[in-house]
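This report is meant to be read beside the sequence and the model.

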Amino acid sequence: MFDSFKQKYDRTPTGQEDRVPPGQYVTEKFPVLHYGSVPQYADLDATWDLRVWGELEDSASLSFAEFRALPTIQITTDIHCVTRWSKLDTRWEGVQFREFLKHIPALKPAAQFVIAHCDQGFTANVPLEVLLDDEAMLAYKFDGEELTPEHGFPLRLLTPRKYFWKSAKWLRGLEFLSYDKLGFWERYGYNNNADPWKEERYAE
Ligand SMILES: Nc1nc2c(c(=O)[nH]1)N[C@H]1C(S)=C(S)[C@@H](COP(=O)(O)O)O[C@H]1N2
Ligand SMILES: [Mo]
């Protein structure tokens, strides 16, 4: 029984068990998971922007060129999907969320939570404190290449400390709130805290 389980899935590399949260298996693949269809973008300069609003001194909108001019970081991190696959040592490039905050109107003191708004209506809620992590970023490259359309081109959120559903693809807006408000999967019964190390998969 255990052998057939091992054949069905990739194996966790020996010595890396402590990097794999409970109930997860390691895969070398990069599965694609989302609700709805993959958005197509014809002319990013003309049709794409990234909006910020809510508990900020002002709302703002960055064009594609403005966003891509921001300073970038590269990180290597592990991602954990609630459907039980984990992928180790994934390489990402983009704008660290903390850095991004320096380039938009100042946060009001009341700002505590962020909703990621995506094309196609998807949303994900994340506490601001989680986005202040070293690894939280607005990512546009994976493994040295532009994100592919199915993995979120041209921009996705990346919050490696949480299950991967909070890493919202096709990001178009960030709303800052003083209170928490459930996102798409959180309303469908996923656990709002979503910590893979505590195996917080589903709401109680
Ligand atoms: N816009 C959007 N982002 C999304 C989703 C979605 O349905 N729409 N699904 C989430 C879920 S459930 C997962 S597991 C990851 C999957 O990312 P991947 O397809 O790059 O592996 O994207 C997340 N981001
Ligand atoms: Mo997911």
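Leu132 is found in the loop between helix H5 (128-131) and strand E8 (137-142), where helices (H or I, at least four residues) and strands (E, at least two) are DSSP runs numbered from the N terminus. At 36% relative accessibility, Leu132 counts as partly exposed, a class that lies between buried, under 20% relative accessible area, and exposed, over 50%, with a 1.4 Å probe and protein chains only. The C-alpha atom of Leu132 is separated by 9.6 Å from that of Leu101, and these two residues are 31 apart along the chain.

The model is predicted, so local features need pLDDT of at least 70 and side-chain atom pairs count only at pLDDT 80 or more, while totals for chains, interfaces and linings use all residues. Residues are numbered from 1 along each chain as its sequence is written, chains are lettered from A and ligands numbered from 1 in the order in which they are written, and side-chain values use heavy atoms, with hydrogens and water left out.

**Pairs of positions**

Arg98 belongs to helix H4 (residues 97-101) and is partly exposed, with a relative accessible area of 34%. Thr76 has its place in strand E4 (residues 73-80), and its relative accessible area of 46% makes this residue partly exposed as well. Gly36 lies in the loop between strand E1 (25-26) and helix H2 (44-47), and Gly36 too is partly exposed, at 48%. The table gives the C-alpha separation for a pair that includes each of these residues.

| Pair | Apart along the chain | C-alpha separation |
|---|---|---|
| Arg98 and Ala136 | 38 residues | 8.0 Å |
| Thr76 and Tyr41 | 35 residues | 27 Å |
| Gly36 and Asp49 | 13 residues | 21 Å |

**Backbone angles**

Asp89, in strand E5 (residues 85-96), has a positive phi of about 55° although it is not a glycine. With a relative accessible area of 43%, Asp89 is partly exposed. Trp170 also has a positive phi, near 55°, in a residue other than glycine, but its place is in the loop between E10 and strand E11 (171-177), and at 4% relative accessibility Trp170 counts as buried. A cis peptide bond, with omega about 5°, joins Phe153 and Pro154, and Pro154 lies in the loop between strand E9 (145-146) and strand E10 (156-158).

**The ligand and its surroundings**

Which residues come nearest to ligand 1? Of the 19 residues around ligand 1, they are Pro31, Tyr35, His151, Arg156 and Lys169, where a residue is near a molecule if one of its heavy atoms lies within 4 Å of it. By class, this shell holds 14 nonpolar, three polar and two charged residues; Ala, Val, Leu, Ile, Met, Phe, Trp, Tyr, Cys and Pro count as nonpolar, Asp, Glu, Lys and Arg as charged, and the others, Gly among them, as polar.

Taken alone, ligand 1 exposes 530 Å², and the protein buries 98% of that, with areas from the Shrake-Rupley method and a 1.4 Å probe.
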